[in-house]
Amino acid sequence: MPGTSRPTAVSKAVSNAALMDAIWDSLAGFYGDFTSAAADEGLTSSQAKTLTVLRRGPASMRSLATTLHCDASNVTGIIDRLEARALVRREPSPTDRRVKNVVLTDDGVRTVETVRTGMLATHTALDGLPDADRVALHDLLQRLFATPERGPGTPG
């Protein structure tokens, strides 16, 4: 019919720029909430990120530097401060005694859970999603940000 346009699949698509803006805005809100909750526990965001990474299990100093995208000397300082608070400990790797793994202590586990619980804005936003949207969001994030060491569907 002249004068009426039917939306096509292409016109319904969301541009990469719009998706990147939405991801940026979401991450900025998440990171702000995370940073605030970490500060409430007397942690810097880098210290809290390190504890969060260690929730998945012990990690070598080198793998922490890679995961956190920072220099190994920065990781050493972060771990020194977390160790001084008894939130982590260093122990020899079971496969290579030259390598030190960093492990969360019980206090470290409690602290990182307190930080995550304290992210009230994030919890409020996630709690507002219906179950189907939560599943879809989880699946999309797993696919979107899958890495070789954490393939699709690997719990974070």
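**View 1. Surface and fold of the whole chain.** The protein chain has an accessible surface of about 10,800 Å², with 59% of that belonging to carbon and sulfur atoms (Shrake-Rupley areas, 1.4 Å probe, only the protein chains shown counting as cover for residues). This is a predicted model, so to speak for its limits: local features need pLDDT of at least 70, side-chain atom pairs count only at pLDDT 80 or more, and totals for chains, interfaces and linings use all residues. Residues are numbered from 1 along each chain as its sequence is written, and side-chain values use heavy atoms, with hydrogens and water left out. Eight helices and three strands make up the secondary structure, in the order α-α-α-β-α-α-β-β-α-α-α from the N terminus (DSSP runs: helices are H or I with at least four residues, strands E with at least two).

**View 2. Phe30 and Phe34 form a stacked aromatic pair.** Their ring centres sit 6.5 Å apart, with 10° between the planes (rings pair with centres within 6.5 Å, and planes under 30 degrees apart count as stacked). Both belong to helix H2 (residues 16–40), and being four residues apart puts about one helical turn between them. Phe34 is buried at 5% relative accessible area, while Phe30 is partly exposed at 40% (buried is under 20%, exposed over 50%, partly exposed in between).

**View 3. Thr52 in helix H3 (residues 45–54).** A polar atom of the Thr52 side chain lies 2.9 Å from the backbone oxygen of Ala48. Beyond its neighbours within four places in sequence, Thr52 is in contact with Phe34, Val112 and Arg116 (contact means heavy atoms within 4.5 Å).

Conventions
Phe/Tyr/Trp six-rings, centres within 6.5 Å; stacked < 30°, edge-to-face > 60°. Buried < 20%, exposed > 50% of the residue type's maximum accessible area, 1.4 Å probe, protein only. Polar contact = N/O pair within 3.5 Å; in protein donor to acceptor, adjacent residues only side chain to side chain.
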